[in-house]
Amino acid sequence: MQRDVDTLWHSILGEAQVVLSAARYGAFWSNLKLIQYDDEEAVFEVISVFAKAQFEKKEHVYLRELLEKNGVKSKQLTFHVQSSGARLRVSRETTNEVVSSAPVRQQSSSPISTSSLAQSGLNPRYTFDSFIVGSSNDLAYAASQGVASNPGTKYNPLYFYGGVGLGKTHLMQAVGNEIVKNNPGARVVYVSMETFGNEFLEYIRFKKKGFSEKYRSADVLIVDDMQFITGKEKTQEEFFHTFNFLHQNNKQIIISSDKPPRSIPTLTERLRSRFEMGMAIDIQMPDFETRCAIIASKAGLLDITLDQEVVEYLATHIKTNIRELEGILNQILAHAELHNVTPDLAMAEGVVGNVRLSRPHHITSKRVLDITAKHFQLKMDELCGSKRDKHIVVPRQIAMYLLRSELKLSFPKIAHELGRKDHTTAIHSVEKIEKAIKLDVIVREQVHSIQEKLYV
Ligand code: ADP
Ligand code: MG
């Protein structure tokens, strides 16, 4: 029974991994686990009080949708916070054993490493061993290894940039895990820029203690998704001071972002020049051979050997990112296990087809407008109003462009959504942004960044 629950849960998580953004999946979903369910109640384990609140307030909506789609119709969803010992439990990717919580808790490793890992924010499954190296990431890999063996001396900061799901978080965390392994006393702190920013706000608003200590006592500070610093002046200033403090004390700093330092909009000159002091390396989509090796390796971790034709089919059809590739693979493997059959080409084709179909369905015009307004820090009535200030006009044009590109709305409908009678403006706006995307880096990045948020 537990085995069936686990299998079903792998499949559901696989789907979530494909649909949700990396940040949202990584922050909440990757550590969510279905323990049991019946018609009345489905019981989940979550990693923290924060994650519990998040599922109760917000994430339950999509969770319920996924559950229902997979035949789980429990009336109530309950979330329990797992103990820190259980947190180290080998995650679903590295085991296909039945995981019932109690006995596994006793198996977890020594208390020291348990607490230091739990506090560090590191995920033990991200290691150098499980990272496949190819020409798209070999430089990044080599630099990471250099930093892991000599933190604070070689490349400081070490800065990775590239699109979503290409292994930045994995590699940065591998450095952290390696350092903790070699030196269990080292204080490694992993944080996403978004969390850093939120904690900083709490610190200034509510005088919450411990903020500076937490970051300034680090031997290694790993900051993920630096692009979230855009537009947050106070946070930039605080991060600048933290950075200097650590750097002057020869502490290692590792940063990731979706773009190089020079292209992060509104990054202050002084932070930009700090980021350029060390080594900035881009990570690209792995080539076909590397994608095949990654697929084979992920299946191998679960003791499954895939037919070469299945491996190649997936490597040919999924070219966007590794996270998606992994999510699709997990669905295929779970499906095969559930029906007790070997994964084959037809199954792979089925899952890939399904994913394509299911993708954009939770986007609405309201969501496009909301997220665009938020992105530019505008109020909804400014975005949809009639003011012609430049800082409103461009976002408005981008909103129209997105309604067209993402939802394929007609021009009159686009005009209507923005409270306009005449649809010629909508036509001009969409054309203007189409052109700007080709010519202007900033507009291109703004549009991409909103597109990413849309599919969260
Ligand atoms: P990013 O931070 O760049 O968005 P992640 O590090 O979260 O990407 O990677 C997404 C998923 O793909 C992770 O589960 C990671 O383990 C996997 N992955 C990415 N690149 C590789 C690789 N080269 N070898 C093995 N797994 C990889
Ligand atoms: Mg990441």
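**A close look at the ligand site**

Tutor: Let's start at lysine 168, where an N or O atom of the side chain sits 2.8 Å from an oxygen atom of ligand 1. This is a polar contact, a pair of N or O atoms within 3.5 Å. Before we go on, please note that this is a predicted model, in which local features need pLDDT of at least 70 and side-chain atom pairs count only at pLDDT 80 or more, while totals for chains, interfaces and linings use all residues. Residues are numbered from 1 along each chain as its sequence is written, chains are lettered from A and ligands numbered from 1 in the order in which they are written, and side-chain values use heavy atoms, leaving out hydrogens and water.

Back to the site. Lysine 298 places a polar side-chain atom 2.9 Å from a nitrogen atom of ligand 1.

Which parts of the chain build the shell? Two or more residues each come from α8 (168-182), α13 (288-301) and α15 (322-338). Helices here are DSSP runs of H or I with at least four residues, numbered from the N terminus. Altogether 19 residues surround ligand 1, and the closest are Ile132, Gly165, Thr169, His170 and Glu326. A residue counts as near ligand 1 if one of its heavy atoms lies within 4 Å of it.

By type, the shell holds seven nonpolar, seven polar and five charged residues. In this grouping Ala, Val, Leu, Ile, Met, Phe, Trp, Tyr, Cys and Pro are nonpolar, Asp, Glu, Lys and Arg are charged, and the others, Gly among them, are polar. Zooming out, domain 2 (114-282) and domain 3 (288-357) each give the shell at least three residues; the domain bounds come from an automatic or database domain assignment.

One last stop is cysteine 292, which counts as buried because its relative accessibility is 10%, and buried means under 20% relative accessible area (1.4 Å probe, protein chains only). The structure has zero disulfides, a disulfide being a pair of cysteine sulfur atoms within 2.5 Å.

Notes
Polar contact = N/O pair within 3.5 Å; in protein donor to acceptor, adjacent residues only side chain to side chain. Buried < 20%, exposed > 50% of the residue type's maximum accessible area, 1.4 Å probe, protein only.
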